[in-house]
Amino acid sequence: MIRRLQPVAAIALVVLLIGVPLWLVVATAGKSRGEAIDPNLSPPAEWHLLDNLRQVWTEADVPAALLGSLLIVVPTVAGVLVLGSMAAWVLARRGSRLTAALYALGISGIILPPAVVTVVLLLRQLGLAGTALGMIGVYLGVYLSTVIFFVTGFVRTIPEALEEAARIDGAGPVAVFRLVVLPLLRPVLATATILICLYVWNDVFYAFFVIGGRLDTLPLNLFRVASAGLYLNNWHLIFAYVILMSLPLVLVFAVAQRKIISGITGGAVK
Amino acid sequence: MTSAIGTLTKARALPQAAPGTITRRTHPLWFLLPAYALLLVFFVLPTAYQFVYAFTDWSGFKASINPVGVENLTQLASDGTLFRALRITVVYAVLVAIFQNAFGFGLAVLLERDTLVNRICRTFFVVPVLMSALAVGYVFQALLKGTGLLADTTWTIVVVALIHAWKWMGLAMLIYLAGLKTIPEDVLEAARIDGASRWRAFWAIRVPLLAPAVTFNVATALLGSMNGFDIVQATTGGGPARTTELLNIFIYRTFGQGLFAQATTMSLVLFLLVTLMAFPVIYLLRRREEVQ
């Protein structure tokens, strides 16, 4: 009985909880302006999805915002992965009291909220206010802790003998790290990449303080578009934007689903 | 001379006599340098700044910054803003933690068996996790527009907490699913042989063994929602009548008004609140790791 009902219940739940909101996005993004003013679940009389996507793309400066997003996401992810795993490797292998304290400090950023207001002042003093470099620095400061946490846990599961073999062959620490450790970290780095991309790609809060009004990213731009008087109640354009912005992550997920799921969950329940 | 150097190096080499010993030569501390320099400049330093600038008159209206003591704090406390924002933030965080875990756990149990239908359903529940929180907020603002659910001074905080939980329930589900998988089949088999009912085996064996997943999920939900902003900003903007104004929304609003010192003060309050709640959480996470 339960076995027979379970698939029905599962599908009903998906339709109700996920299907309805997603349908609202697609249907509204396909409507004309007049139809979309009061968003509802009825299908559009005539589909304008592509027109709306095109209108958002050109009128809302999406290409510039997309460029801004990439300009910040790519160096941030590369930076946290390389620098975070360098630190995590040494922290995991050396068991002194100093490294234990440094580890605690290193992962505290997972939990503690960053100082969003004073960081603006600091960036101004450093001459980095409103710049991509300043934004990347802030994200590095926020997300290095996530990488250090995940990678340190992972390094401890790698047998040390693998490093030793390379050392006996005369490899220095840089060579051991680059040629032995880093390749072994691939699974955990894949997880970290997904998580950090997810956070940074979608972040609007930190970006508002650091680069708001100076440099555009997709979420900042969406926020501006949706809050601007001109676009208020232009739900068809807001949801067309939501589709444009979510598509890259959804596509990445669709392609690498299995890996991503096992990566995310593996770190959490061990 | 050479022998002196020889003894020196030998003395130095002593601790790593056994091959494979970890030393500063094989794992040099300078590997920590870039990461910790960045953490120091972009995380520790701004945090330290908060303890200074929360007690000044820093604002967007004048160039000079002068110390004013605890004036910002007393002002925020005396007009009720401080405790209201604190209360709203904690209520929101607790509600999110409850809803997110209840939904995630329920979905994990429902979709546990590895059938094709279940696999497809799981994928759909992960889509909101990938969406931007801002977008999620707009979706629900549109969906709930005519219902009055976002305009109730008592219940809107519950509604926005439900939306937050909706966005993240897929992640909680995945973590609970992974947790359920770590429970060995033979333990359940033994319980069955001992005559335990399905129901009893579930609550007496599986649920307790999910402890690590619960720790992780509750901790991330609690602390993630205390730092929440996007979803509430996009659905209610802190309203109605500021009944959903989380600390971060207050910070965003006052910062936009140029009241930098007040924003810093609230940011410091948030920092202290999270620190206070984080100690037990860090303790649990670290202990979990040592077991591993």
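1. How many residues does the contact take from chain B, and how many from chain A? In this predicted model, 73 residues come from chain A and 73 residues from chain B.

2. On chain B, the side that touches chain A draws at least two residues from each of α2 (33-53), α5 (116-130), α6 (133-143), α7 (156-181), α10 (211-226), α12 (247-256) and α13 (260-291). The most is given by α2(B), with 13 residues. By residue class, this side of chain B holds 54 nonpolar, 16 polar and 3 charged residues.

3. Within chain B, helix α4 (residues 81-110) and α10(B) have axes that come within 8 Å and cross at roughly 145°. The crossing of α4(B) with α10(B) is right-handed.

4. Which residues of α4(B) and α10(B) meet? From α4(B) these are T89(B), Y92(B), A93(B), V96(B), A97(B), Q100(B), N101(B) and G104(B); α10(B) contributes N217(B), V218(B), A221(B), L222(B), S225(B) and M226(B). The contact of α4(B) with α10(B) comprises 8 nonpolar and 6 polar residues, and no charged ones.

5. An unreviewed UniProt entry places the feature "transmembrane region" at residues 29-52, 90-111, 123-143, 155-180, 201-223 and 259-285 of chain B. Residues 123-143 of chain B are 90% helix and 0% strand, with end C-alpha atoms 22 Å apart. Residues 155-180 of chain B are 96% helix and 0% strand, and their end C-alpha atoms lie 34 Å apart.

Terms used: Residues numbered from 1 in each chain as written. Chains lettered and ligands numbered in written order. Predicted model: local features only at pLDDT ≥ 70, side-chain atom pairs only at ≥ 80, totals over all residues. Contact = placed C-beta atoms within 7 Å. Helix = DSSP H or I, 4+ residues; strand = E, 2+ residues; numbered from the N terminus. Nonpolar A, V, L, I, M, F, W, Y, C, P; charged D, E, K, R; others polar. Axes fitted to C-alpha atoms, helices over the stretch in contact; angles between N-to-C directions. Left-handed = near helix turned anticlockwise from the far one by under 90°. UniProt positions renumbered as here; feature names shortened; annotations may be inferred.
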